[in-house]
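Welcome to this short tour! Open your viewer and get ready to select residues by number.

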Amino acid sequence: MNNISYDQAIELINLNNVILLDVQKERDYQKKHLLGSINIPVEEIKEKVINVTPDKNQIIIVYCLKGIRSEAAVDMLKRLGYNNIYNIQGGIEK
């Protein structure tokens with residue numbers, strides 16, 4: 001798994017055309033999320049990610065509050081054929 005720190009994620013976002021994917025439940029997303037992120041709860045990844053990016057080589061940074069859901073989402077995205085996926089290790093809870 002391509003785990004990166006929060007600071008590394010910010011650097012990557014600033015340098016590239018990146019999709020920032022928040023995989024929290026919508027109510028948790030409303031409480032705390034990163035600006036510019038797209039919310040697709042991990043349970044809905046299979047059905048909805050294609051609407052966000054059909055490009056399987058697009059850089060996607062996945063996160064959640066603690067990093068648990070995002071790890072599951074990264075595995076799911078890899079099984080769906082996405083190649084450039086990064087997980088913010090430990091989530092965004094600080």
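Buried means under 20% relative accessible area, exposed means over 50%, and partly exposed lies in between (1.4 Å probe, protein chains only). This is a predicted model, in which local features need pLDDT of at least 70, side-chain atom pairs count only at pLDDT 80 or more, and totals for chains, interfaces and linings use all residues. Residues are numbered from 1 along each chain as its sequence is written, and side-chain values use heavy atoms, leaving out hydrogens and water.

**Stop one.** Select Glu 44, which is partly exposed at 29% relative accessible area. Its side chain meets that of Lys 48 in a salt bridge, 2.7 Å from N to O. The term stands for a side-chain nitrogen of Lys or Arg within 4 Å of a carboxyl oxygen of Asp or Glu. Lys 48 is partly exposed too, at 39%.

**Stop two.** Now pick Glu 43, partly exposed at 46%. Which residue forms a salt bridge with Glu 43, with the closest N and O atoms 2.8 Å apart? Arg 69 does. Shared partners join Lys 25, Glu 43 and Arg 69 into one network.

**Stop three.** Finally, select Asp 22. This residue is buried and has no salt bridge; the nearest side chain of opposite charge, Arg 69, is 8.4 Å away (Lys and Arg count as positive, Asp and Glu as negative; His and the chain ends are not counted).
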